[in-house]
Amino acid sequence: MQSKKIWIGGLPSDTTDGEVERLCEKYGKVIDVHIRTSPRDRFAFVQFEDDAQADDAIRALDQTKFNHCTIKVSTANPAGPRGPDRRPMRGDRDRRNGSRPRRRSPSRRRNSRTRSIRRSRSGSRRKVFRLKVEGMPDDMDGPELKEIASNFGSVSFVSTFRERGVNCATIELGREDDARHVQKELDNRRISGTGGGRVGCFRQ
């Protein structure tokens, strides 16, 4: 069995870990509960013993009332990008079907290369602004940090890592003004959690 974490948003401001655990334990064994608060929302991450229990909780609780508030429930583990092993190449697909892969004419190959170069050049103009966050709580992960940072700007990507024993993260944004705003709001912000305190946030 593989454990699975779900996200519950829209909680009342005075909600406790125990209340969330009692809400969810009807659908399976709850391993862990973490409640976070952002300027716009109070939300929780709940880890179940296995996937089926978490899926049952999502189906049963999403868009329902909890202490007079409508809560939103979804998986807290976003699907990763499609890897090359999940999308077969044309030649592989043709061979599995018992047919020979089709050859493209030289002119089509040239046109394809031209389109690829144009896409590459246009993609290179897209600028990415990166922030580094240091001193996060030890039990804080990427989705939790993204939930908080997204209140202050459009966040495209968050990854966490440990540096000299400290829980850190990289935040990527597509707009410079969003990066400035997120940096201003996160720097020296106190975040509760295991080993948590005030975090540092600066440009990379």
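Keep in mind that the model is predicted.

**Stop 1: helix H5**

Start by selecting residues 142-149, which make up helix H5. Colour Gly 142, Glu 144, Leu 145, Ile 148 and Ala 149, the buried residues of this helix. Now turn the view until you look down the axis of H5: these buried residues fall within an arc of 165 degrees, so they line one face of the helix.

At the start of H5, one of the side-chain oxygens of Asp 141 comes to within 3.2 Å of the backbone nitrogen of Glu 144.

**Stop 2: the largest nonpolar core**

Keep Leu 145 on screen and bring in Val 133, Met 136, Ile 171, Leu 173, Val 182 and Leu 186; together, these seven have the most contacts inside the largest nonpolar core, which has 24 residues. Strand E6 gives the largest share, four residues.

Next, centre on Ile 171. Leaving aside neighbours within four places in sequence, Ile 171 is in contact with Phe 129, Arg 130, Leu 131 and Val 133, and also with Leu 145 and Ala 149. Further contacts of Ile 171 are Val 155, Phe 157, Val 158, Val 182 and Leu 186.

There is also a second, separate core of 19 residues; to find it, select Cys 24, Val 30, Ala 44 and Phe 48, which are among its members.

**Stop 3: salt bridges**

Side chains of opposite charge can pair when their charged atoms come close. In this model the salt bridges number 15.

Select Lys 132, Glu 134, Glu 163 and Arg 164, which are linked in a network of salt bridges. Within this group, the closest N and O atoms of Glu 134 and Lys 132 are 3.2 Å apart. Is each partner buried or partly exposed? Lys 132 counts as buried at 10% relative accessibility, while Glu 134 is partly exposed at 25%. Arg 164 pairs with Glu 163, with the closest N and O atoms 3.8 Å apart. Here Arg 164 is exposed, at 74%, and Glu 163 is partly exposed, at 25%.

Finish at Glu 185 and Arg 189, a salt bridge whose closest N and O atoms lie 3.6 Å apart. Glu 185 is partly exposed at 26%, and Arg 189 is partly exposed at 24%.

Conventions
Residues are numbered from 1 along each chain as its sequence is written. This is a predicted model: local features need pLDDT of at least 70, side-chain atom pairs count only at pLDDT 80 or more; totals for chains, interfaces and linings use all residues. Side-chain values use heavy atoms; hydrogens and water are left out. Buried means under 20% relative accessible area, exposed over 50%, partly exposed in between (1.4 Å probe, protein chains only). Helices (H or I, at least four residues) and strands (E, at least two) are DSSP runs, numbered from the N terminus. The arc is that of the directions from the helix axis to the C-beta atoms. A polar contact is a pair of N or O atoms within 3.5 Å; within protein, one must be able to donate a hydrogen and the other to accept it, and residues adjacent in sequence count only if both atoms are side-chain atoms. A nonpolar core is a set of buried Ala, Val, Leu, Ile, Met, Phe, Trp, Tyr and Cys residues joined through side-chain atoms within 4.5 Å. Contact means heavy atoms within 4.5 Å. A salt bridge is a side-chain nitrogen of Lys or Arg within 4 Å of a carboxyl oxygen of Asp or Glu.
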